[in-house]
Amino acid sequence: MQRAVFHAFRNERVPVFTSLNAWKCANCRAALVPNGARGYSVVPPSTDSEEKAMLDRMLRVDHAGEYGANRIYAGQMAVLGRTQSGPLIQTMWDQEKYHLQKFDEILAENRIRPTVLLPLWNIAGFVLGASSALLGKEGAMACTVAVEESISEHYNSQIRALMEADPDRYTELLQLIKEFRDDEMEHHDTGLEHDAESMPGYGLMKSLIQLGCRAAIYASERV
């Protein structure tokens, strides 16, 4: 069932400012909630400004991460889309499109401003994806392993934080993050299965990409 949802987004392009438009539509979405219905999808209403700030940072960086991942796969498909690796990369990209769509909706529903760095991640993500793909399938898969491992570790840290705070209150958000974390780990394992480690300089390449991922996470949480 979940795969069918992913494939519904096959071959769609991800607009640079999709999330900005979705955020502007928050009032429209709110007006569609029937009286007596729950007014949120997975994020409970904040009880104070501290919780609001925490959730805003968390969801803003998650959205930025999924946005960047989309652009990386777009770059890889631009180079390898017509090769034997194309269908495999497209399948992973379809999942990332679904992740991004969900975070677009969540930001809009909760009136959370996306990071102002999206235009930068648009360019940087595509360049990273395309440049890694120019090194061949192994380069693309090495990039996938590095990025998806970083995103998975970040999701795990969020899961621990929410579990320590109040697992019952954040049940649905935890479920969503765990589901997406599992998808990212599947992509990570797929990269390893398709010769990522045979890329010359794999260790150095992985370390440099993950350093960039950590910097992007830090910046997106705050700006």
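User: Before anything else, what is a nonpolar core?

Analyst: A nonpolar core is a set of buried Ala, Val, Leu, Ile, Met, Phe, Trp, Tyr and Cys residues joined through side-chain atoms within 4.5 Å. Note also that this is a predicted model.

User: OK. How many residues does the largest nonpolar core have here?

Analyst: It has 43 residues. Those with the most contacts inside this core are Val43, Leu59, Ile106, Val147, Leu162, Leu173 and Ile209.

User: Which elements give two or more residues to it?

Analyst: They are α4 (49-80), α5 (86-109), α7 (137-165), α8 (171-193) and α9 (202-222). The most come from α7, which supplies 11 residues.

User: Pick Ile106. What does isoleucine 106 touch?

Analyst: Setting aside residues up to four places away in sequence, isoleucine 106 touches Ser41, Val42, Val43, Leu59 and Leu176. Val43 and Leu59 are also on the list of residues with the most contacts inside the core.

User: Which residues are in the second core?

Analyst: The second core is separate and has 6 residues, including Ala64, Leu100, Leu117 and Trp121.

User: Let me back up. How many helices and strands does the chain have?

Analyst: There are 9 helices and 0 strands. Along the sequence the pattern reads α-α-α-α-α-α-α-α-α.

User: And what share of the chain is buried?

Analyst: Of the 223 residues in the chain, 47% are buried.

User: What about contacts between residues at least 6 apart in sequence?

Analyst: Among those contacts, 84% join residues at least 24 apart.

User: Which elements line it?

Analyst: Those giving two or more residues to the pocket lining are α4, α6 (118-133), α7 and α9. Helix α4 gives the most, with 8 residues.

User: How does that lining split by class?

Analyst: The pocket lining has 15 nonpolar, 7 polar and 2 charged residues.

User: How many cavities of 30 Å³ or more are there in the whole structure?

Analyst: The search finds 1. The largest cavity contains about 30 Å³ of space.

User: Which residues line it?

Analyst: The cavity is lined by Ala69, Ile72, Tyr73, Cys143, Thr144, Val147 and Glu148. Two elements give two or more residues to this lining, α4 and α7. Helix α7 gives the most, with 4 residues.

User: How do those residues divide by class?

Analyst: They divide into 5 nonpolar, 1 polar and 1 charged. Ile72 lines the cavity, and Ile72 is also among the residues closest to the centre of the largest pocket.

User: Now glutamate 149. Where is it, and is it buried or exposed?

Analyst: Glutamate 149 lies in helix α7. Its relative accessible area is 17%, so it counts as buried, the cut-off being under 20%.

User: Which residues is glutamate 149 in contact with?

Analyst: Leaving aside neighbours within four places in sequence, glutamate 149 is in contact with Thr144, His188, Lys206 and Gln210.

User: Last topic. How many salt bridges does the structure hold?

Analyst: It holds 7. One of them joins aspartate 56 and lysine 52, with the closest N and O atoms 3.3 Å apart.

User: How far apart are aspartate 56 and lysine 52 along the helix?

Analyst: They are 4 residues apart in helix α4, so about one helical turn separates them. Aspartate 56 is buried, at 14% relative accessible area, while lysine 52 is partly exposed, at 30%.

User: What does glutamate 105 form a salt bridge with?

Analyst: Its partner is lysine 102, and the closest N and O atoms are 3.4 Å apart. Both residues lie in helix α5, 3 residues apart, about one turn of the helix. Glutamate 105 is partly exposed, at 21% relative accessible area, and lysine 102 is partly exposed at 22%.

User: Which side chain meets arginine 222 in a salt bridge?

Analyst: That is glutamate 221, at 3.0 Å from N to O. Glutamate 221 has a relative accessible area of 21%, so it counts as partly exposed.

Methods
Residues numbered from 1 in each chain as written. Predicted model: local features only at pLDDT ≥ 70, side-chain atom pairs only at ≥ 80, totals over all residues. Heavy atoms only, no water. Buried < 20%, exposed > 50% of the residue type's maximum accessible area, 1.4 Å probe, protein only. Contact = heavy atoms within 4.5 Å. 1 Å grid on protein atoms, 1.4 Å probe; cavity = no way out; pocket = protein on both sides within 12 Å on 5 of 7 lines; lining within 4 Å. Nonpolar A, V, L, I, M, F, W, Y, C, P; charged D, E, K, R; others polar. Points joined across faces, edges and corners; volume = space filled by probe spheres on them. Salt bridge = Lys/Arg side-chain N within 4 Å of Asp/Glu carboxyl O.
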